[in-house]
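Here is a briefing on one protein chain. It covers fold, confidence, core and surface.

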Amino acid sequence: MTWISYTRFELLRTFRNRRFFVFSLGFPLLLYFIIAGPNRHDANFGNSGISAPLYYMVGLASFGTMSAMLSTGARIAGERQVGWNRQLRLTPLSARAYLRAKVVTAYLMALVTLTLLYVSGASLGVRLPAHEWVEMTLLILVGLVPFAALGILIGHLVTVDTIGPVMGGTVSLLALVSGTWFPISGSGFLHDLAQNLPSYWLVQASHVSFGGDAWSTRGWVVVVAWTVVLVSLARRAYRRDTARV
């Protein structure tokens, strides 16, 4: 089995999953229209300098794409429970190809989420030059790299029985402290905490919409540092888990 064949299998299995459409696609869209709809004419939401529809579009994009990336952990935990990873080790599929397929699938799920939220944002009046859409999207995709590693890490640490609460709690907590629901003030403990989280910089990707720098040097350092740490932990968890097989 080649990694392309396995990736195709992963995609078919994922997009046939109704829970994916409900939680990764439907839920963020529903929240977006409920929250941003009544504030569609607010051009300076929470003194952030950007409109409410744009702010919530990117905020819920971070929420939805984080969920999409961490959903990799749910599939890995399920495969561990039924012994599917044991069967795959009997095939020519390498460990690197296996993990690559998981990451590619998660990113495609995230792209679907982004596309639908962008269309929804446009329906509420979000208008940006083409290069700003591209820059914002690229920043979000880069910011999702540590979450790809986190999803793999969680999948190799927890069981199917606990994966739901762990994923839901992680995404909800990160969304709460990173500015998904409301702008983080310029000072204080919450602001200092948020700036050290990669989820905060996902939301900050919206700053390109009014000519500002989307990420400062600190933002890039935070995202890279979390990526290095989580990739290292994910590799260690994978090796430890497969060593038991």
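Contact means heavy atoms within 4.5 Å. Among contacts in the protein chain between residues at least 6 apart in sequence, 77% join residues at least 24 apart. This is a predicted model: local features need pLDDT of at least 70, side-chain atom pairs count only at pLDDT 80 or more, and totals for chains, interfaces and linings use all residues. Residues are numbered from 1 along each chain as its sequence is written, and side-chain values use heavy atoms, with hydrogens and water left out.

**Fold**
- The protein chain has 11 helices and zero strands. Helices (H or I, at least four residues) and strands (E, at least two) are DSSP runs, numbered from the N terminus.
- Of its 245 residues, 49% count as buried. Buried means under 20% relative accessible area, exposed over 50%, and partly exposed in between (1.4 Å probe, protein chains only).

**Confidence**
- The mean pLDDT of the protein chain is 83, and 88% of its residues reach 70 or more. pLDDT is the predictor's confidence in each residue, from 0 to 100.
- Helix α7 (residues 145-155) has the highest mean pLDDT among the elements, at 92. Helix α4 (residues 84-88) has the lowest, at 65.
- Where pLDDT is low, the predicted coordinates should not be read in detail.

**Nonpolar core**
- A nonpolar core is a set of buried Ala, Val, Leu, Ile, Met, Phe, Trp, Tyr and Cys residues joined through side-chain atoms within 4.5 Å.
- The largest one has 70 residues, and Y32, M57, M136, I140 and L144 have the most contacts inside it.
- Elements giving two or more residues to this core include α2 (18-36), α5 (95-123) and α11 (217-243). The largest share, 14 residues, comes from α3.
- L144 is in contact with T65, M66, M69, Y107, A110 and L202, leaving aside its neighbours within four places in sequence.

**Surface**
- The accessible surface of the protein chain comes to about 11,800 Å². Carbon and sulfur atoms account for 65% of that surface. Areas come from the Shrake-Rupley method with a 1.4 Å probe; for residues, only the protein chains shown count as cover.
- L173, L176, F182, F189, L190 and L193 make a nonpolar surface patch of about 570 Å². The elements that give two or more residues to this patch are α8 (160-177) and α9 (189-194).
- Like charges are joined within 9 Å, nonpolar side chains (Val, Leu, Ile, Met, Phe, Trp, Tyr) within 5 Å.
- Helix α9 gives the most to the patch, with three residues. F189 lies in α9 and is exposed, with a relative accessible area of 68%.

Conventions. Patches are made of residues with over 30% relative accessible area and no salt bridge: like charges are joined within 9 Å, nonpolar side chains (Val, Leu, Ile, Met, Phe, Trp, Tyr) within 5 Å. A salt bridge is a side-chain nitrogen of Lys or Arg within 4 Å of a carboxyl oxygen of Asp or Glu.
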